[in-house]
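Follow the stops below in order.

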Amino acid sequence: MSKLEIKSPLPGTFYRASSPDVPAFKADGDAVSAADTIGLIEVMKTFQQIPAGLNGKNIKFLVDNEEPVMAGQVIAEVEE
């Protein structure tokens, strides 16, 4: 099985849920489809949804919730 990378399109802070009191969009081990939202990037108080952009299974997040990320940084891997 090969692993596919999901990269951050923007620099900012990565969030796995839309607010602290709701479950994460996706958890480690979940399957994803291309249209699934896996998190949000906050840039200057504006939030951008991050779609998976691919179909796969067993997502593994490589960054923590509320962690700063750079544009192009791999934020998760998914098995094909």
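Strands (E, at least two residues) and helices (H or I, at least four) are DSSP runs, numbered from the N terminus. Two strands pair if DSSP finds at least two bridges between them. This is a predicted model: local features need pLDDT of at least 70, side-chain atom pairs count only at pLDDT 80 or more, and totals for chains, interfaces and linings use all residues. Residues are numbered from 1 along each chain as its sequence is written, and side-chain values use heavy atoms, with hydrogens and water left out.

**Stop one: the sheet.** Find the open sheet of four strands, in the order S4-S3-S2-S6. Its pairing is antiparallel. Now select 46-51 and 67-69: these are the edge strands, S4 and S6, and each pairs on one side only.

**Stop two: S3 and S4.** Select residues 37-43 for S3. Six bridges join S3 to S4, and the two run antiparallel. Pick Gly39: Ile50 in S4 stands opposite.

**Stop three: Ile75.** Go to residues 74-79, strand S7, and select Ile75. Is Ile75 buried or exposed? Ile75 counts as buried, because its relative accessibility is 0%. The cut-offs are under 20% relative accessible area for buried, over 50% for exposed and partly exposed in between (1.4 Å probe, protein chains only). Contact means heavy atoms within 4.5 Å. Leaving aside residues up to four places away in sequence, Ile75 touches several residues, including Phe14, Ile38, Ile50 and Val69.
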